[in-house]
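Me: I would like to go through a two-chain model with you and ask, for each label put on it, what grounds that label has. Please set each value against its rule before you conclude.

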Amino acid sequence: MDGEIAALPAERGPSAQAVTLTINGEPRPLRIEPRVSLLDALREHLGLTGSKKGCDQGTCGACTVWVDGRRALACLTLAVTCEGHEVTTIEGLSAGGELHPMQAAFIDKDAFQCGYCTPGQIMSAVALLDEGHAADDGQIREWMSGNICRCAAYPNIRAAIRAVRDAAGGE
Amino acid sequence: MIGKPLRRVEDLPLLLGTGRFAADISLPGQAHLRVVRSPVPHGMLRGVDGRKALSMPGVIGVWSAADLDLGPIGFRMVAFPGMLPYRQPVLAAERVRYVGEPVAIVLADDPYRAEDAADLVELDIESLPPVLDQLQEPAQFDDQNDTEALLHEDGYGDVGAAFAAAPHVVELTVTVGRHTGVPLECRGALADYRPGAGTLDFYGAAKVPHQNRLLLAGLLGLPPQLVVLREAHVGGGFGVRGEVYPEDVLVCWASRLLGRPVKWIEDRNEHLLAANHSRDQVHRIRAAVLADGYITAIDDEFWLDQGAYVRTHAAAVPTLTASMLPGPYQIPAYRVRGHVRLTNKTPAGTYRAPGRYEGTFARERLIDAVASSLGKPAMEIRLSNFISPDQMPYARPMSALGTDLEYDSGDYALLVGKAQARFGLAELEHGLAARRALGEAVGMGCAFFVEKSGLGPYEAVRISVDQSGHIDIITGAGSMGQGFETVITQICAQELGVRPETIRVLHGQTDQIEHAMGAFASRLTVMAGSATLIAAQALREKALAAAARMLEASPRDLELSDGAVRVAGDPDTGISLAQISEALRPDQAARWGLEPSLTADGWHTTDHMCYPYGLHIAVVRVDAGTGQVIAERLLVAYDVGRAVNPMLVEGQIVGGAAQGLGGALLEEFRYDDAGHPQCTTFMDYLLPTRAEMPPVDVLITEDAPSPRNPLGVKGAGEGGTTAMGAAIAAAIDAALGVPLGVKELPVHPEAALRLAKAARRESTSEPGGA
């Protein structure tokens, strides 16, 4: 505050660097160039191909993951910036072989066809409930609008979100 | 089991993130391919300089057309010899013809490095003026040919006499814009040529692996059986994915050259420039009409913007446009002329309801024009022109996809009546009129259509039961993610009386079954479904015959249920399919005097398609300030003959309706005056999101089962899309009070504002209009 300049983080790259990411609760060391997106780090370097690349430009939502529990577009996030943060992917959602209630609801409500956008839809939908952004259909429409489904299973995705919301509310 | 909304059997991997789409598959030692694409719409290619790229670390090589010894990519569907000069080369050699055309390839050990290096490949191109309008007189394509690749003429009856005698002639010009399938998964391919073995494995195949195997093997000069195409999970097809594109050939060629696996994954920008575009037709259509509204003839001329080359679909879209345009109406005389013209845009192919979305838009707008000119309700015109049920099967003396155009069954008026009752259309219109009276621009529009489905000529299925009683169903037909495995499972489970969990459906692998057509033209349930039924019946006979020997009973006294054969009326005699399979082991079967293996094949063959039909209804509101058209509700009534799984049929219809809406209001590939594409990201090419997606009410009826297959089914893949553009156009007209206002899709906000303004001018200038 008193004219002090906060120390800038040390410059890294452009060559590959040692980085340790925390993915689904596990430390995962890897060597990547600083320009590698979180999505490519997951898919190409860690073998976690559940998160999908639909546009690589932050416009479709297929790569949605959580960073510290908040929704993030993995294609627009540099992997090195995730050091020290908790990254959760679709592979980390169902614990111990048990489907997350949202995954079960997606089956029950026929909430997808080709399944390509589905990991992103589910990561978004679960976060939506945690955020408190699923109170009504208007909220669901607005807060899920970043996840494109070309098969247009939108009405059934909404039904799945409602079902999980209502079941949780009824507990 | 058939007719029940069974939950999908293929869901789990897709939910857990363990699906295997093309980009998810990797092989040890794979190199990564990046395509260098033309940055200009039209020009002479004078040179390709890869020296800078070659100096980059990790770069394996740079290759251009001069290094390839490959012919152009051939046709898979309806082809005319005159179209051969317009095939696309694998890499452009002398001339580039659209922005995005492959010119060279870079291979590197890492995809980032391949992309960086591709940016350094220098292209020397001498620009030429582009052709950008299919209505422009044909220009020169090459030394021998002009840009009209095909003039397709068809029809029947005496059109001239009908027009000469007609008291009314109604005509109009309508346009459907350039848009396409845009699956959320971009394309991808991984080729693995094994030196020594001489085999080529290709991962990332879709739609028509067996057909593509022939094309690829032919181009590469390999025996087809040494080329194995492997379908993985498929992130949406919609007509676009699964055709043989230049990139598919290039990964195979490069893998053989390098003797190592080569992977190519398309990015979104490339997809919007490189994968097939579609639609983009202008129709000048006219009708000869009697005083009572009966249409005695239609005369249509259309111009299709084919883009820069004729790809694998050849003449499929123009011929389907022509033959399906008359739709549900009798139309005693018909003449059609379709101009397929090349421009300097991305080449075009099929997209969900190809030719029918466009032709239905032209025809149903024409019906609205006839109604408007006679002062009658459009539905009355439709009803008085429908082919009636007692005219079925109805042959129109034309052909569609090489088959005689003969509608198999249908009661169109019945469906209209059911839709009016189920959706309460009269009350709905009443409510909209009340809102209009209060100043809201709201309206409802309808459009009727006939679809085609179940294209032959064949599909094959093999069913085998192992010693645990587990059942594998093998077919070469592919899945595009539409629930195919579930439908096939249901048909087999019903016939064999087994639980769905005991069945696995294997598809789209060319080394598992010798012959297949594939997943297109809404044909899977009809063709692969019927073949499954036939194979299951054969397997059932085999199981009963074996059990008869084992139980020393007559096959006539036996029944198959719950996975076991029993003597009728004696529940204790059960002998399971697992036991029968064990008894039919090759070393055991001779003991019973039976053929080994509990396996059966089924073929379904047909010369004809089957023809579902439907009514689309749209309710829209036009925002007076912005011109935005908001779809409030979509209603679809559809006769599918018989629904194997109504939940999945409904999903197809809803998804198809959204894509029809996209083409009507949002999606368009625009080019600037110099031929540069303007829609190369999802920020410019607008897909329907949740925000634009209205509720869709679906009425599925089964009043006209198809007599042409043992299940009575018709296809459901495209019937959500076909007439949605026409229905939305009619709804906008109604909302703004402008008869035949919408003649062009998509309806952008500025177009809606222009129409609204025209409507206001009309109402104020009308003498005594107050």
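Predicted model: local features only at pLDDT ≥ 70, side-chain atom pairs only at ≥ 80, totals over all residues.

Me: Why is the pair B:D24 and A:R43 called a salt bridge?

Reply: The side chains of B:D24 and A:R43 meet with N to O at 2.7 Å, and the rule asks for a side-chain nitrogen of Lys or Arg within 4 Å of a carboxyl oxygen of Asp or Glu, so the pair qualifies. Across the interface of chain B and chain A the rule finds five salt bridges, and the count of residue pairs in polar contact between these chains is 24, with both residues at pLDDT 80 or more.

Me: Which helices of chain B supply at least two residues each to the side that touches chain A?

Reply: They are α1 (11–16), α3 (111–119) and α17 (646–666) of chain B, and α17(B) gives the most, with eight residues. By class, this side of chain B divides into 26 nonpolar, 13 polar and ten charged residues.

Me: How do you know how many residues of chain B and chain A take part in the contact?

Reply: Contact means heavy atoms within 4.5 Å, and on that basis chain B brings 49 residues and chain A brings 46 residues. The area buried between the two chains is about 4000 Å², with carbon and sulfur atoms giving 57% of it. On the side of chain B, the residues that lose the most area to chain A are B:L15, B:L184 and B:R690, which together make up 23% of what that side buries.

Me: What makes a space in this structure a cavity and not a pocket?

Reply: The structure holds seven cavities of 30 Å³ or more, and the largest cavity has a volume of about 750 Å³. It is lined by 46 residues, of which B:Q482, B:S522, B:R523, B:Q652 and B:G717 are the closest to its centre. Helices α8 (316–324), α13 (484–496), α14 (524–551) and α17 of chain B each supply at least two residues of that lining, which by class has 22 nonpolar, 15 polar and nine charged residues.

Me: Which element gives the largest share of the lining of the second largest cavity?

Reply: That is β10(B), with three residues. The second largest cavity holds about 120 Å³ of space, and among its 15 lining residues B:G204, B:A205, B:G242, B:E243 and B:D248 lie nearest its centre.

Me: What makes B:Y112 a lining residue of the largest pocket?

Reply: A lining residue has an atom within 4 Å of a point of the space, so B:Y112, as one of the 41 residues that line the largest pocket, meets that limit. B:Y112 is also among the residues closest to the centre of this pocket, together with A:D40, A:K53, B:P111 and B:E115. The largest pocket holds about 870 Å³ of space, α3(B) gives the most to its lining, with five residues, and the lining divides into 15 nonpolar, seven polar and 19 charged residues.

Me: Where does the second largest pocket have its centre, judged by the residues nearest to it?

Reply: Its centre has B:T175, B:G177, B:E668, B:E744 and B:L745 nearest to it, out of 28 lining residues. About 670 Å³ of space lies in this pocket.

Note on methods. Residues numbered from 1 in each chain as written. Chains lettered and ligands numbered in written order. Heavy atoms only, no water. Buried area = accessible area lost by both parts, 1.4 Å probe. Polar contact = N/O pair within 3.5 Å; in protein donor to acceptor, adjacent residues only side chain to side chain. Helix = DSSP H or I, 4+ residues; strand = E, 2+ residues; numbered from the N terminus. Nonpolar A, V, L, I, M, F, W, Y, C, P; charged D, E, K, R; others polar. 1 Å grid on protein atoms, 1.4 Å probe; cavity = no way out; pocket = protein on both sides within 12 Å on 5 of 7 lines; lining within 4 Å. Points joined across faces, edges and corners; volume = space filled by probe spheres on them.
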